[in-house]
Structure formats: C-alpha cells, structure tokens
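Please keep the model open while reading.

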Amino acid sequence: MLTLVWPIVLTVIVLTLAYVTFNFFNIKRMKEGTEEMAEMAGIIRSGAATFLKTEFTMIAIVVAVVAVLFSLFIEKTSGITLVLGACMSSVVCILGMRSATYANVRTANKARESLSIGETVKVALSGGSISGLAVQGFGLLGLAIVLMIWGVDAGAESTGFLLDLKCNPTIMHITTYSLGCSLVAMFNRVAGGNYTKAADISSDILSKLRHDMPEDDSRVPNVIADFIGDNVNDIAGNCSDLLESFVATISATIVIALTLFSGAGEGIKETTLEATYLFPVLLAGVGLLSCVLGLGFAAVRKMSDNPSRELNLATWISAGLTIILGGVVAYFTFKDVALYKDFMWGWASPWVCSILGIASGIAIGTLTEYYTSSDFKPTRKLAELATEGEAFVVTKGDAIGSRSCLFPILIIGIALFVSGKICGSYGIAISALGMLAFVGATVSIDAFGPIADNAGGLAESCHLAPEVRTITDKLDSVGNTTAAIGKGFAIGSAAFATVSLIVAYVSSFVEGNVEPVLNIASFVVVAGGIIGGALVEYFSAMLTDNTIDAAKVMAEEGDRQLSIPGVLEGKVKPDYNKCVEMAAKQALQKMIVPSVLALLIPVVGGLLFGWEFVGGILVGATICAIPRALFMGNSGGAFDNAKKYIEGGFLKGHGKGSAAHKAAVTGDTIGDTRKDVVGVALDIFIKLMSTVANTLSSLLRNPWF
C-alpha cells in the first residue's frame, strides 16, 4: 500500500486540477449579460487584479528576505521550500479571485435568463468550487513536491550557509513550506479585510444613513470598491487562510511523527515512521477525491429551489466519503506495522481521531448557522430589538457573540481530549487534519457567498428586473449564512491546527518517547502566556483602528463626489477608480505592521527568553484568540443577517429606511469590522506565530541560545 502512495495522491491531484480547469473555462464561456453588466464586471475584475498585483509585489519582497535569512542562518535549502509555499498560496488566491470575478456577472445573467434559483445556484457553486478545490489541490501538490524531492529522514542533519547550527532538514523543509503559506495568508487577510470593510462601511454610511439610497446603488462611488473587496478578502483572503490551515496541520502531523520515531525504543522500525508520516498525506488525498465527487454530483444533478439544502448535500457527501475512504487507508497503512503504545485502538486509532475532527467541523458549522442565520431565534430576536434603537441592537449582538463561544469551544476541547487519549499527540494532529480533510468542499460553499453577493450587487447597480433581484437576494441571504459558517469553520480549524502546531513545537524539546509537556506553573511560561493574551487584544485594536481610519477617509471622498452636480441625479458617473485606488492605498499601507508583528514575536521572544517563553506566548494567545475570534465572527454575522431580515420585509411595519432598519445598519457597520477583519485575522495570527515557532525549534534547541 505504502509504495502506491505517491501514484495515488498525484493522480487525485491531477484529476482535481483538470476538473478545476474545466470549470474555469466553462464559466468563461457563459454570457455576461447586458452591456452595462459586462462593463461593471470588467471594472470589478480589473480592480481586483490590480490590487492583488500590487499586494503580491510587496509580499514577494518580504518572502524573499525571510527565505534568504533561513537559508543563510538555519538550513541551506529551506528558503526554497518557503518560496514554494508562498507561490502555491499565491496561485490559489489569483485563480480563486479570477474565477469569482468571472462567475459573479454570469450568476446574475443566469438569474436574468432562466429566472430559476436552481440553475443560478449551479453557476455560483461552480465558480466557488474552483477556489475550494484549488486550495486543497495546490496545497497538497506543494507538500508532495517537498516530500518527494527532499524525502523524510529522522536522523539527518544540516546547517545554514553562514552558521553551523545543526537541524533536521526534513522538519525545516516542511515547516518553512507551511510558513510560506502563512505569510501570504497573513498579508492577504490584513490587507484584504481593510480594503473590503473600509469600502463596505463607507458605502453603507453614504447610502443608508446619509442619503437614503438603495444598497449597491451605482451612484455611490464606494460601491465598486466594495464589490472588488468581496473578492479580495472573502475569496483570495479566505483561500490563503484555509490553505494555510490545511498545510499547517499536515506539517504538524509529520513533525510529530518524526519526533515520536526519534524517541521510540526498540521494536519500532522505519516502516512505522513511513506509515505515520504518509497517512496524513493519504487522508488529505482521499479527502480531496471526496470533495471532487461531492461537488461534481451537485454540478450534474437537477437542483431544487432550496439553495441551502443543495449546498449542505455537497458538504455531507464530501464528509461522508472522507470518513469511509479514511478508514480504508488507515487499515492498509497501519495493519502490518508496529504501533506506538499511545495507539489505544490499533490501526483504527488515527481513523477515529480523524472522524472526531470531521464531526467537530460539521458541528461548529451548524452552531455558527444557528447563531447567525435569520432562520433561527437569536438573529430574529436581534432584528426585533432594532425597533428599540441602536443601543439595544449592539448590546444584544454582543450577548449573541459571547453566548455563541461556549459550545464550539466545548466541542474543540472534547475532541482534542478524546483524540489525545486514543492516539496521543499524533491523534491530536490527525483530529485537526480530519476537520480539514474535506476543506475543498467547505471553501467552495464559502466562496459561493461572495459570488452571490456580487451577483446581487450587479443586479441592483445594473437595474435588472425585480424578479432577478428576488433570486439574487435569495442566494445572497444563503451566501451570508455560508460565509458565516465558513468563518466559524476557519476559526475552529485554526484552533485545531494551532494546538497541533503547539504540540509539535513542544515535542521537539522533549527527549525520549514521552508525552510533550509545557510546565504551565513555570513563571517563564506564565509570563509568556499573559503577554500572548495581551498581544491578541493589541492586534485586534490595531486592525480595527486601521479599518475605521480608512473607512472615514473613503466616506469623505464619497460625500465629495456625491456633491458634484449630476452624480446624485444619476446623470454623471462618479469616479470609481479614485475610490478603488484610495481603498487599495489605505489597505497596503496598513498591512505591514500587523503582519510583521506576528512574524517577529516568536523570534524576539525565543532568542531573548527561550523556548518555554515562546510556548507560553502560543498557549496564552491561542486561549484568548479562539473565543475572541468566535465572538467577533458570530456577533458580526448576526448583525448582518438581522439587517437583511428587516430589509427583506420580515419585520412588519419596519422595512428599509425605517428607524429600526437604520439601527440594524449601525449594528451591521460595527459587525463588518468584527467578522471580516478582526475575527478572520486572529486565526492566522496564532497560526503564523505557531508556525514560526516550529521553524525556530532547532535554533532554540542549540546550546548557543
């Protein structure tokens, strides 16, 4: 079985990328619609591409500097794998963004031509599947390249070009590949979040609060920047975020496998090492195949007019097939090799841990839907309280966000505890990977949201018939929920990934085949933990300030343009490019400091105070960041859907333009920064610090430090 791993995995990757290519060109072949729709879509596509090009120019400089430093001072060829990780993440971002900016207008046009919800859903999901499958396909491809070229050797040693600090080259190649993905994700989330929310908040303030205009009205110059931002953040940013989680969990699992083998006694042979480091690759491979089959089934069947049911079906098929195929590969991988004493249930131990991760991911998504969807009590109650004013909206939204933290964190904690009991530290990492093994499907469903949102915006701004807008509004409402579920999934997967990275980090400092332990009673660890928690709050404040500052500048520019004679009357077109350039400039200027902060904290802390201090920072930051991110994401999602609930006319006597609606818009404006800037960036903040710590483990173990 193990000799067939690479042919099997590479075949799945090739099939996936072929399916992605087919979908991409199939989307491009579809009609864009009216001349006005094609023009508007072209502006969105061009603006998003220009922003990414400028952003990646800056990212490339940072990646090149970090790669050179790693090669010079830690391991000679680790800079190459870091660049490879950054390239894979960048390719996925660009491909996802391009496919979304083609799919948005074609989704709107399909609604216009067919007046069918089912047919329109197919187009949006097809566009989203390009992003989702590319995330898992390219992430796994890069890791396969690293493992096939450099191999795995538990006893090898290597050094940098300038320093003679010995390290294991296998660990360095895997962790720096993950670090390359992390760097792109951090810059993307920080810059993309600032871009989209500065445009969105300023657009809402102008249209809904100051001028009583419809949402996505093309007279508001900030609207186009908002459309572009949906693709930059919710597509490109989300792709890099989940790709990084996916790669980080596999990397952590392989590092733990190497550590277990290095500390094992007699009776544990090379075949055991081979099985433990190849199983996560195989699990990721069968998960990818399951996603192709699940999404492919959704693409060929006749869809009903219930988008939520169709999207859920694709997810359940992908998850179910991953469980079944995961059991098959676990049996053939572990049935004939000597197992560690931690494997309580023999060959089935890793498989059960992966099921715990899969079940946790689905459960967290379901809980997120309950707290953020207008189909359920919390968000409806929030909408009803909007009749009492802004203070009630904000207070109730905060309560929903706080309440929503408990059960997802209970699920994460129980899954980690049981996984550790069944299969030790290896089981914890496999549980994290299980949650991400079908990430191709979850990202595809999540990408459906911004595509549907853009389609609705295009229908509004291009003055399509009301029945078309009814269809796109239905998709947009479902898309809001899928986006909220996606954010909950991203945060949950980040929690699993970060814990597995922390376990891998601590394991590298433990001698022998013993459970990795970080002494939480040590003053060094406690000091690091307190500082780690404070850093989460400081990071959140920095991102919020940056977004609000940018939104204020853009709102002032939008007001200036609306005061130009003829713009408000619709006779003169506003200067969209000015607002697009302003949003990009603000986002790019403000992304450097937060991103570099996450990169430098483990380096400075480790070199000055040692590895235990860094372990404390990681634990403290993770404990604070997970509930904070859940609070931000879920309260923001509830604010958004409460506003949509009122706009849909479901709160009798309080429609668009009413005092209740304006109170809900205030809540949504607060929630925008929470869910799309801070919440989604916090998970990358803790993952990036944990990944950097793992790459530094060999340095901090050295007697010099």
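Leaving aside its neighbours within four places in sequence, which residues is threonine 368 in contact with?

## Threonine 368

Beyond neighbours within four places in sequence, threonine 368 is in contact with Ala484, Ile485, Gly488 and Asn634. Contact means heavy atoms within 4.5 Å. Threonine 368 sits in helix H9, residues 348–372. Helices are DSSP runs of H or I of at least four residues, numbered from the N terminus. The relative accessible area of threonine 368 is 1%, so the residue is buried. Buried means under 20% relative accessible area, exposed over 50%, and partly exposed in between, with a 1.4 Å probe and protein chains only.

The model is predicted: local features need pLDDT of at least 70, side-chain atom pairs count only at pLDDT 80 or more, and totals for chains, interfaces and linings use all residues. Residues are numbered from 1 along each chain as its sequence is written, and side-chain values use heavy atoms, with hydrogens and water left out.

## H8 against H14

Helix H8 (residues 307–334) packs with helix H14 (residues 466–507) at about 40°, and their axes are 10 Å apart. Axes are lines fitted to C-alpha atoms, for helices over the stretch in contact; angles run from 0 to 180 degrees between N-to-C directions. H8 and H14 are therefore oblique to each other. Angles under 35 degrees count as roughly parallel, over 145 as roughly antiparallel, 65 to 115 as roughly perpendicular, and the rest as oblique.

The crossing of H8 and H14 is right-handed: the near helix is turned clockwise from the far one by less than a right angle. H8 contributes Pro307, Ser308 and Leu311 to the contact, and H14 contributes Lys474, Leu475, Val478 and Thr482.

## Nonpolar cores

The largest nonpolar core has 224 residues. Such a core is a set of buried Ala, Val, Leu, Ile, Met, Phe, Trp, Tyr and Cys residues joined through side-chain atoms within 4.5 Å. Phe51, Leu140, Phe246, Tyr426, Phe448 and Phe685 touch the most other members. Helix H6 (residues 222–263) supplies the largest share, 23 residues. A second, separate core of 15 residues includes Leu382, Ala383, Ile400 and Leu651.

Phenylalanine 448 touches Leu311, Leu475, Val478 and Thr482, among others, not counting residues up to four places away in sequence.

## Threonine 272

Threonine 272 lies in helix H7, residues 270–300. Its relative accessible area is 2%, so threonine 272 is buried. Neighbours within four places in sequence aside, threonine 272 is in contact with Val337, Ala338 and Tyr340. Aspartate 336 is 64 residues from threonine 272 along the chain, and their C-alpha atoms are separated by 9.2 Å.

Key
Helix = DSSP H or I, 4+ residues; strand = E, 2+ residues; numbered from the N terminus.
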